[in-house]
Amino acid sequence: MKKVFILFTLIALLGVTSTMLFANGQKDSGSEKSSVTFWLADYEGIDHDYVKEIEAAFEAENPQYDLELLVVDWNALNDKLTTSLAAGTPPDASIIGTRWILEYMDLGVIVPPQDYVSKSTFDNIAPGAMEAVVDGTLMGIPFAAGSRFLAINTSLTDKVPSTMEELEQYAIEATKDGKYGLIMPGGKHSELTDFAYYFYSAGGDFFDIGGKSTVNSAAGVKALEFMVKLANEDKVVQEGYLSQSRKQAQPIFMGGKAAYVMIGAWAQTEYDKMNADWDIKYAQIPPFAGNDPAPLIITDSIALFKDGKNLEGIGKFIDFLYQDKWKAPLDKQMGFPPVTITAAQRPEFQTPMYAAMAEANLNAKGWPLVTGWPETSSIMWDAIQKVELGQMSAQDALNEAAAAIDAL
Amino acid sequence: MDLTKKNRIRITNSFVILLTMALLLLMLFPFFVMLVSMLKTSKEIYHIPPYWLPKHPTLKNFSLVWNTFPLAAFFRNSLIIALGTVALNTFISVPAGYAVARLHFPGKKFILFAFLITQMFSPVVVVISLFKIIIKIHLIDTYLSVIIANAVFTTPFVIWMLNGYFSGIPKGIEDAARIDGCSRVGALLRVILPIAAPGLVTTIIYTFIYGWNDFIFSLSFLQTGNKYPLTMGLYQFVGRFAIQWEQLLAAAFLAILPVLILFFLVEKQLVSGLAGGAVKE
Amino acid sequence: MSDTTLTLRNRKIKGEAALAYALLAPAVLLMLIFMVYPIFYVFVISLFKTNKLAKIQSFDGFKIYAELLSSKDTWIVIGRSMLWTVLGVTTKTIFGLIIALSLNVKYVGRKISRLLFIVPWASSIPISVMLWQWVVHSEFGLLNHTLRLIGVMNPPVWLGQAGTAFLSCMWVDIWLGIPFMALVFLAAMQAVPQTLYEAAEIDGASRSQKFKYVTLPGIAAILLVATLLSSLWTFNDFNTVYILTKGGPAGSTNILITYVYMNSFEWLKWQKASALSIFTFLILSTVSVLYARIYFKREEM
């Protein structure tokens with residue numbers, strides 16, 4: 001017993017000394033160079049070794065800088081940015097969801113990137129990708145942009161719907177032998193994408209020009225009633241949809257058990273991983289009859305932070321990163337079509353999935369740029385689930401949600 | 001008479017064994033799922049209806065996670081944080097525990113109660129203001145920041161436990177040592193601590209596990225990837241769009257293993273230590 | 001003569017107190033800086049309007065408290081938190097007692113089962129909760145698959161209905177808490193002197209009588225401390241609900257601590273989150289004071 005105790009004390013002492021050494025040792029090294037910090041979101045498929053390669057290559061080319069290229073997972077990114085901004089120690093730049101831009105502008109923590117990133121870099125970015133323009137100034141550099149589309153399991157159905165009503169019909173036909181017609185993630189998660197697919201397809205908009213919530217418009221009610229009908233009446237949706245967020249629901253499609261799913265750029269990578277014995281094909285998310293197609297597009301941007309220590313250096317790094325040589329392989333790993341014009345023309349981006357995304361881009365609609373979006377989308381989630389559980393009618397629940405959103 | 005008693009014991013035992021098996025099934029079912037899932041390929045794991053056992057058991061997931069993620073570094077970081085927490089916690093809790101258990105002073109009850117009260121706060125509640133303090137004292141992105149936070153959250157419980165162990169030691173033993181010429185501190189080190197060692201082991205294990213499993217403080221205070229502990233490293237298997245379940249579970253298994261082995265080694269002391277801390281005469 | 005002994009004793013007590021304070025100083029200092037001050041700061045924030053980065057803007061008094069107290073949502077969430085805690089701690093205690101009692105019986109394989117029961121404790125909570133998420137998955141999860149195999153044809157979609165979602169979250173929290181309870185109770189039971197049982201046996205006590213008159217009083221002190229700690233931990237268990245359901249479906253699993261988290265890190269409403277934190281503090285300190293009363297009263301006896 002005594003021995004155990006002594007052992008523990010020794011280990012503990014060792015632990016504390018090594019801690020001190022690590023804690024201090026790392027600060028002292030490399031004080032000659034000026035450090036540059038960039039937070040890269042951990043997109044599915046990113047090769048961490050490749051990220052290190054980029055880091056080393058940049059430092060070799062610019063020996064005056066000590067680049068810290070940190071890969072942060074998406075779930076932690078928002079928390080980490082919030083805490084570091086609150087403490088005044090943000091990175092120089094970070095990937096963010098474009099819809100966060102307005103929030104950050106509101107707080108006055110980001111600066112326009114034009115002052116630090118060279119014009120030639122901007123000139124090579126597709127104009128359609130420049131979504132983060134607020135009052136005429138671009139506040140975030142487009143990093144990745146991808147429209148959502150429809151993926152089809154061709155062993156279960158061959159039909160490509162041109163309207164939502166057709167999709168419903170085909171999904172009903174495909175629902176048999178334990179297979180589902182359509183995957184619908186209904187478990188609350190941080191993205192409201194699945195409602196947005198139907199809502200935009202019915203011609204809906206989340207807000208009117210005056211900034212009032214219009215989720216309870218005719219389009220909203222139509223979209224929600226349609227979703228509930230698919231799930232509870234037609235029963236073409238997977239049984240446990242209310243318990244499944246996107247991450248839990250989509251593998252059911254990839255496992256070959258459903259005919260249709262509305263999905264994004266990661267579809268091909270996930271499909272490849274399964275070694276599936278069925279073929280996948282891509283099509284557009286259809287509009288409701290009489291409406292125009294309006295698939296959702298999600299974009300991510302790079303924001304430069306006002307409290308960053310080395311904006312000059314980060315500008316240099318972004319110029320470096322946006323060369324085809326470095327950015328195109330990264331795009332390929334992430335599965336997103338490139339936002340840069342020259343990279344988009346490379347042969348590796350001419351597959352059927354990229355073709356479907358390019359077509360979707362023509363009509364695509366992004367998230368509304370508003371502040372307080374996380375709470376807004378949480379309120380809408382609760383309303384949607386209430387209707388799906390049969391607790392309220394679509395009109396009542398959405399009216400209530402709209403009132404709550406306007407009260408924020 | 002003797003025979004019936006033996007029979008009675010036998011019946012009790014078989015009942016207890018059955019009950020234990022049922023309870024174990026309940027408690028260990030998720031780990032059974034983990035064991036079989038981490039041996040499946042991604043095709044198998046997403047098969048419907050699910051396979052109970054992997055058709056073609058494979059260790060590929062282990063080599064995959066080991067090669068794509070710096071698991072060794074995650075392990076080292078977890079170890080630094082856990083051992084650092086143990087060290088700091090022991091260093092401040094032993095004197096405090098001794099004081100509340102064996103010395104008379106005004107305000108003792110208040111202090112004991114104050115320590116208890118601090119257990120009421122979830123890290124979620126204080127992490128932002130803690131973060132601001134950590135920034136102010138320039139400890140951001142150091143192991144020390146995470147160690148301090150974990151030590152703060154484990155200290156109250158440990159002092160309570162130590163209070164139990166120390167007050168259980170007869171006063172006579174300490175007095176004898178002091179008559180033999182030991183100072184108070186000498187008596188603490190040479191007499192009290194060795195007697196209370198089983199209890200101390202328990203608190204050390206408790207603290208170690210707390211530090212090893214820390215998530216929220218590492219998430220908030222550590223900025224560079226090469227300082228991430230295992231818990232944060234595991235989070236990287238949960239992507240934005242998909243979860244690599246078979247790999248996540250393989251990595252989780254590796255993360256649990258050291259704590260499990262530690263548990264198995266000291267389980268006996270743990271039980272007797274918990275008893276000493278709470279049941280005092 | 002009596003005078004000098006008195007001053008000697010006085011001096012001794014004074015010296016002892018000084019030593020006590022010196023020994024307590026590091027712990028107290030650490031708690032003051034890293035615990036008490038942050039808590040105080042949380043209270044301060046609740047009195048001010050804040051921006052989304054928790055920077056104080058303008059004094060607001062107790063307005064947010066009035067607002068929260070008049071909101072139905074707050075009361076629903078508080079009520080659910082109480083139910084969550086009471087049901088959770090009761091079940092953990094019952095399971096803990098049953099397991100401890102069964103481990104206290106001598107049989108072959110007892111050591112192994114003792115080891116196995118603490119396995120869930122070794123895993124970090126977020127990981128365990130994610131594991132459960134996988135276990136109860138309605139398509140790939142082995143729980144429903146197993147239930148179907150043994151004849152339950154339509155097992156519930158555990159996290160997909162308001163009632164079962166709450167119960168499922170509670171079960172996961174209970175499952176997380178059982179090993180600690182079982183181990184602590186077992187430890188306490190093993191410290192009950194064997195002679196007491198022998199005496200009871202001679203008096204002809206039945207099994208349940210022995211439990212009631214020997215075991216229970218023997219472990220009463222630890223039962224008190226363990227259930228108090230468990231109440232605090234259960235009330236503050238944020239991971240389970242957040243990872244399993246994010247409070248859904250339709251808000252049916254939202255408890256106070258997840259509500260605090262969403263208001264702070266997700267919606268950046270620091271003032272509201274701080275005020276809600278103060279509520280958790282008030283509720284839990286009421287519980288603790290009640291417990292402390294009983295505890296110290298026992299000690300004096």
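This is a predicted model: local features need pLDDT of at least 70, side-chain atom pairs count only at pLDDT 80 or more; totals for chains, interfaces and linings use all residues.

Mentor: The largest nonpolar core has 303 residues. Those with the most contacts inside this core are A:Ala151, A:Leu182, B:Ala252 and C:Phe185. By element, helix H8 (residues 162-190) of chain C supplies the largest share of the core, with 19 residues.

Let's zoom in on A:Leu182. If you skip its neighbours within four places in sequence, A:Leu182 is in contact with A:Ala171, A:Leu230, A:Val236, A:Val237, A:Ala258, A:Ala259 and A:Tyr260.

Staying in that stretch of chain A, have a look at A:Lys235. This residue is in the loop between helix H8 (218-233) and helix H9 (246-254) of chain A. A:Lys235 has 15 other C-beta atoms within 10 Å, so it counts as partly exposed. You'll find B:Asp141 in the loop between helix H6 (123-136) and helix H7 (143-167) of chain B. B:Asp141 counts as buried because it has 20 C-beta neighbours inside 10 Å.

While you're checking backbone torsions, look at the cis peptide bonds too. One runs from B:Ile48 to B:Pro49, with omega near -10 degrees, and B:Pro49 is in the loop between helix H2 (42-45) and helix H3 (60-68) of chain B. Another joins C:Gly248 and C:Pro249, with omega about -10 degrees. C:Pro249 is in the loop between helix H11 (239-244) and helix H12 (256-266) of chain C.

Next, how the chains meet. Between chains C and B, the contact takes 74 residues from each chain. On the chain C side, helix H1 (residues 2-46) gives the most, with 19 residues. That side of chain C has 59 nonpolar, 12 polar and 3 charged residues. Between chains C and A, the contact takes 23 residues from chain C and 24 residues from chain A. Here the chain C side has 11 nonpolar, 8 polar and 4 charged residues.

Last stop, a helix pair in chain A. The axes of H15 (residues 373-388) and H16 (residues 394-406) come within 9 Å and cross at roughly 165 degrees. The two helices are therefore roughly antiparallel to each other. Residues making the contact include A:Ile379 and A:Met380 of H15(A), and A:Leu398 and A:Ile405 of H16(A). By class, this contact has 10 nonpolar, 1 polar and 2 charged residues.

Methods:
Residues are numbered from 1 along each chain as its sequence is written. Chains are lettered from A and ligands numbered from 1 in the order in which they are written. Axes are lines fitted to C-alpha atoms, for helices over the stretch in contact, and angles run from 0 to 180 degrees between N-to-C directions. Helices (H or I, at least four residues) and strands (E, at least two) are DSSP runs, numbered from the N terminus. Angles under 35 degrees count as roughly parallel, over 145 as roughly antiparallel, 65 to 115 as roughly perpendicular and the rest as oblique. Two residues are in contact if their C-beta atoms, placed from the backbone, lie within 7 Å. Ala, Val, Leu, Ile, Met, Phe, Trp, Tyr, Cys and Pro count as nonpolar, Asp, Glu, Lys and Arg as charged, and the others, Gly among them, as polar. A nonpolar core is a set of buried Ala, Val, Leu, Ile, Met, Phe, Trp, Tyr and Cys residues joined through C-beta atoms within 7 Å. A residue is buried if 20 or more other C-beta atoms lie within 10 Å of its own, exposed if 12 or fewer, and partly exposed in between; C-beta atoms are placed from the backbone.
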